[in-house]
Amino acid sequence: MPLSRRTSALPPVSARMALLSVFLAGLCATGALFFLVSRLETRQEELHFRDLAQRRFTAIRIGTEGAMAALHGVNHLFAAVDMVSAEQFRTYARPLLKAYPYLVALGFQRIIPAQERAAYEARMRLRFPGFDITELAPDGSLVRAGDRPTYRVVEYIEPLAGNEVVLGMDSSFLEVHNLAARRAAQLGLPAATALFGLPQYKGMRKGFLVLLPVHAGKDGGDGTAPVRVVGYNAAVFIADELFARILASTTVAGRSRLTVSVHSLVAGQMQEEVFRSDQPASDVFWLEEHVARLFGARPLLLHEDIDIAGSAWRLTAIAAGKFLPEHHAGSLLVLLLGLASTLSAAAYLRKLNRRTLDLAHANAMLNRDIVERRDIALALSRSEDRFRRLVELSSDWYWEQDIAYRFRLLAGRKVKETPAMLARVIGRTRWDVALSVDPEELAAHRALVEAHQPFQNFEYLLTLTPNEQVWLSVNGEPVFDEDGQFAGYRGTGRDISQRKRSEQALRELTAHRESIKEQERKRIALEIHDELGQTLMALRLDVASLYARVCGHARLGERVGLALSHIDSSIRAVRNIINDLRPPVLDLGLDAAIEWLVGQFQRRSGIHCHLAWNSGAAILEERVATALFRIVQEALANVVRHADASEVTITLGSNAGAVNMTIADNGRGAQPEDCRRAGNFGLAGISERVVALGGKFDIVSAPGIGLTLVICLPL
C-alpha cells in the first residue's frame, strides 16, 4: 500500500479530540453518578446498622429494667406481709424467674444481730437440719462464720436447687456486698455490687447482685423514713448470661453483621469485657477491603452507656466494613450501564469517523457529517435519559419547581401509577396542596424553602381524588444557574401511605389496649374489694369476737390475737393492691384522685407538690379523667427517678373546648431532644395517651431550669 494511502486512513486531529472528549465526558458522568449512588447506599447501610444496634441496646435496657421491676415486686410482697414465709417467697418468686429467664435467682438476706445468732440457727435447723451461718474460706470451702456484731444471712433463695451452697451464707464478709448494701439503704433504691465470683457456680463464674432494702415499721404520716432495715431482697445475675439471654429473647429481622460487646465501667473507664456476641466483626480480606473502600463502606462502631442499679456498663456494637453486592446493586448497575454507554458512544463515534473518511465527495461528506452528528446528539440524549432513569429508580418520583416554587416537572414510578398527581400538583406550590400538616410546621418548612435551604423528610398529605389520598415524604435542594441566581428546586419523593396507616393502626391498637387495661384494672379492683375485702372483713369480725371471748386464756388469746394481726395485714395488703390497680378515689372525681396521689407521692418521696386547678376541670369523661390521672402518676414517677427535684407544681384548667394540664419540677432539667430519645418509655407512654385522645403534648426543658410537661386534651 502506498504511503499516501495509509496516511489518509488515519483520523484527523479534530476527530481524535472529539472521540477523547466523548470518552472522558462519559467516564466523568459515570464516575460522578456512581459516587453519588454508592454513597447513598453506604449511608443507608449505616442507618440500618444504627437501627439494628439501637434495637439491641433497647432490648438490653428494657430487659434490665424488667429485672429491676421484678425485684421491686418482691419488695412489695415484704411490704404487704409482715412475716413472709418460705412458701410465700417461693410462690411469688417462681413466676418472676420464669418471666425473666436472665434473672438466675431471687433471694432474701436477713440481718441477724450477734446476740440472736444462736436462736436464729436453732429456728432454721427446724427446716434445714445442720444449718449454720457460714462464710467462704480463702480456699473456697464453706466454714462456720466468725464472730461479728451483725450478720446478713441468705435466708431464702429461689430456685433452691443449685443454690444450696449459699443458703445460710453471711454476705457481710464480702466488701462488694457491703458497699452495695450501704448504698441501697441510704438511697432506698436498688444497688448493684461490683463483679465477683459466684460461689454456687463451678469455677466461680463472674456475676453480680442487685440489693433492695426491706424496712420494718410503718410510715408515721409525717414523711419520715421507715424505722430500720431488717434485710435485703437480692436479684442474682451471671454477667455473660444476663446479656446473652436478653439478646436471645429479642427477634431482630434482617441479616445482621453486628457484634455486640458489654464492658463494665468504673469511673468512666472500661474495665473487663463480660459479654461478646458470637458473630464475627472483622474477617475482611485485603481485596475485599479495597473493594469496600471503593464503594464507600467502612467499619461501623456505636457505643451506649446504661445504668443497672447504680452500676455503669458500656454497650458496643461493631460491624466490619465489608462489601456486600446486595447492598450496592444500584451503584453496580450505574457503573455497568455508564461504562457500557460510554464505550458504545466512543465506538459509535469512531465508526462514524471512519465512514466520513471514505466519502469521495465533499457534498456527500458534509451531508453524512450532519446526519452522523444528529445521530450522536440523539445517542447522547438517550444516554442522558438512561442516567435520569437511574435517578428516578432510586425513589418513587423526581420533581422540579420554578423560581416561584410551582411544580413544573414530575417523573417516576409513582407518577406513572397515579396520573392524577400531575393534574393535582403541576402549576401549584407545595403549601397549596399540603394537607394534615401542623400550621407551625408548614410555616417553618416554607421559611426554610424561601431561604433557599435544602430540606429532608418533609411529610404531608396529598388529596388526588375525593376518594384517594396519599402521604408523601420529600427531599429537596435549591438549584442555581451559572451566574449563581436562584432557579428553583429539585428533589425526590416517596409514598409513605402504608407507613402512616401502620402508625395509625398501631396508635389505635395502643389506645384500645390502654382502654382494655383500665377496664380490667377497674374490674379486678372491684372484685377484690367486693369479694375478698368483704370476706376478710367478715373474718376479722368473727376473729375479733372470738378474741374478746378468750381473753381470759393466755395462750389461746395469744394465738387468736396473732391470727387477728395476720388478718389486718391481709386487709392492708388488699387495700394496697386495689390502690395500685385503680384507686377508688378516682370515682370521686379527678381533683380528689390527684390530691390522693399527690399525698401518697409526698409521703413516699419527701418532695413538696403544689396543686392548682379550677372547678370546671373536674367534670370530665371517665376515659379523659383516667388518662390524666395515669399521666400525673407516670410524671411523678419520672420526677423521683430522674429529676432530682425538691418541688413539683401541677396545674389543671379548662376552657370552652379543651382541658389543659402542666406538670413542672425544679430539677436538673434536660434538652427536649434528650427527653424524646429512644428508651424514654415513660414520656413516650404519656405522648401516646395524649395523641390517642386527639390532644397535644409538648416538653419544655433545659439543663438547670427543670422540666415542664404541657398537655392539652379536647373536651
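Me: How are Arg117 and Glu121 separated in helix H4?
Reply: In this predicted model, Arg117 and Glu121 are about one helical turn from each other, because they stand four residues apart in helix H4 (residues 117–125).

Me: What makes the meeting of the side chains of Arg117 and Glu121 a salt bridge?
Reply: The N to O distance between the two side chains is 3.1 Å, and the cut-off asks for a side-chain nitrogen of Lys or Arg within 4 Å of a carboxyl oxygen of Asp or Glu, so the pair of Arg117 and Glu121 qualifies as a salt bridge. Arg117 and Glu121 are both buried.

Me: Why is Glu155 called buried?
Reply: Its relative accessible area is 6%, and buried means under 20%, so Glu155 counts as buried. Arg110, at 16%, is also buried, because its value falls under 20%. The side chains of Glu155 and Arg110 form a salt bridge at 2.5 Å, N to O, and this pair links distant parts of the chain, with Glu155 in strand E4 (residues 150–158) and Arg110 in strand E1 (residues 105–113), 45 residues apart.

How values were computed: Residues are numbered from 1 along each chain as its sequence is written. This is a predicted model: local features need pLDDT of at least 70, side-chain atom pairs count only at pLDDT 80 or more; totals for chains, interfaces and linings use all residues. Side-chain values use heavy atoms; hydrogens and water are left out. Helices (H or I, at least four residues) and strands (E, at least two) are DSSP runs, numbered from the N terminus. Buried means under 20% relative accessible area, exposed over 50%, partly exposed in between (1.4 Å probe, protein chains only).
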